[in-house]
Amino acid sequence: MSQAASLVNNLIRPEILALTAYHVPDCTGMIKLDAMENPYLLPQWLKDEIAATVADARINLYPDPNPALLKEKIRQLLALPDGMGVLLGNGSDELIQLLAMAVNKPGAALLSVEPSFVMYKMIATFVGMRYVGVPLGDDFSLDLTATLAAIRSEQPELIFLAYPNNPTGNLFSASDIRQIIAASTGLVVVDEAYYAFACDSFVPHLTCYPNLLVMRTFSKLGMAGLRLGFLAGSSLWLDQLEKLRLPYNVGVLPQLVAQKLLDHHDVLLGQADQIRKDRAALYQQLSAIAGVQVYPSEANFLLFRVANAPLVFAGLKQRGVLIKCLSGGQLTDCLRVTVGTPAENERFIAALQESLS
Ligand SMILES: *Cc1c(COP(=O)(O)O)cnc(C)c1O
């Protein structure tokens, strides 16, 4: 072994050596339906407004560490009451990490359900926190009995519930989640990454529970490239988390562009509406294909099961359509497709039919 290799092996924590880095596949020239991105561009007039804003940006200066105007716009969007605020993150991934760091006393645990968003478990590993994953039921609903039992025995400091859940797409029962929040002595974070495509939210419940925070991101709403997420909830929590936030975590350009886009939130919500309609159509088309079992979704993607997912995935890829192949346990032979433009969805359905035959 080279000297550098042995140094690396000695110094890097074993659980980090054992990780494989989050894989982002090459998608040059492909129809990209693997990452829940919004497929639509902005109208020209809005692009022009953004260009004008950005042209005057003071990129020679550090960003505003507390962009009050941007935060106020988000507060208004959520109709947050007094005593509640928002904390901005470089995507919500950064906020998951910040929360984990904040509560990670020796022996502390992070609980989530499985299958769910992989970053919860990965970030628990990054910070050296115990991870507890409670399996979902067969229909991907919460197993309330098992979850409450795990909360009692493991006493997790931090619980993440994605609402709607990724990669399954369903909304868990709100009353189950409320029972989990009520039963938990730890902090419960409801992750609403897909809020724009769903019909419910926990923002109105923030005032009811002292241990609830809601996390959102603008990534799935057409701003994945900006990297902007936020936590909403009591300032008592946010003031502490604020101390851990790296001072310049959201750059000058993302701040300006996000502010402009939030002034025209209706444009993005209009795109989300279109995506919801196309999701319904895509669901119908998938259900009609023999050998495909599709699951209901409140997000901008659909999960479906076939006889041999790796083979179908490869067939789609060969035909220029990139989706996500899932694996392991309940997700064996499951594929996840992001809802694209109607033309992209058509190409996907055609390629799927060819890959299945
Ligand atoms: C995509 C996703 C995120 C991450 O969002 P970023 O803001 O892009 O980091 C968080 N939670 C869930 C459930 C997601 O699917």
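Start at the ligand and look for Arg-227: a polar atom in the side chain of Arg-227 sits 2.6 Å from one of the ligand's oxygen atoms. Keep in mind as you look that this is a predicted model. Ser-219 also has a polar side-chain atom 2.6 Å from a ligand oxygen. Then there's Tyr-194, where an N or O atom of the side chain is 2.6 Å from an oxygen atom of the ligand. How many residues surround the ligand? There are 14 of them, and the closest are Ser-92, Asp-191, Tyr-194, Thr-217 and Lys-220.

Next, take in the whole protein. It splits into domain 1, made of residues 20-36 plus 266-356, and domain 2, which covers 57-263. Notice that domain 1 is put together from two separate stretches of the chain. Where they touch, domain 1 puts in 24 residues and domain 2 puts in 28.

For domain 1 and domain 2, the buried area comes to about 1900 Å², with carbon and sulfur atoms giving 64% of it.

Which elements of domain 1 face domain 2 here? Both α11 (265-287) and β10 (301-305) supply at least two residues each to the touching side. The largest share comes from α11, with seven residues. Sort that side of domain 1 by class and you get 14 nonpolar, six charged and four polar residues.

Last stop: the backbone, which has a few spots worth a look. As background, most peptide bonds are trans, and most residues other than glycine have a negative phi. Now find the bond from Glu-114 to Pro-115, which is cis, with omega near 5 degrees. Pro-115 sits in the loop that runs between β3 (109-114) and α6 (118-127). Another cis peptide bond links Asn-166 to Pro-167, with omega at about 15 degrees. You'll find Pro-167 in the loop between β5 (158-162) and α8 (174-183). Finally, head to the loop between β1 (31-32) and α3 (44-55), where Met-36 is found. Met-36 isn't a glycine, yet its phi is positive, at about 60 degrees.

Methods
Residues are numbered from 1 along each chain as its sequence is written. This is a predicted model: local features need pLDDT of at least 70, side-chain atom pairs count only at pLDDT 80 or more; totals for chains, interfaces and linings use all residues. Side-chain values use heavy atoms; hydrogens and water are left out. Domain bounds come from an automatic or database domain assignment. Contact means heavy atoms within 4.5 Å. Buried area is the accessible area (1.4 Å probe) that two parts lose on being put together, summed over both. Helices (H or I, at least four residues) and strands (E, at least two) are DSSP runs, numbered from the N terminus. Ala, Val, Leu, Ile, Met, Phe, Trp, Tyr, Cys and Pro count as nonpolar, Asp, Glu, Lys and Arg as charged, and the others, Gly among them, as polar. A residue is near a molecule or strand if one of its heavy atoms lies within 4 Å of it. A polar contact is a pair of N or O atoms within 3.5 Å; within protein, one must be able to donate a hydrogen and the other to accept it, and residues adjacent in sequence count only if both atoms are side-chain atoms.
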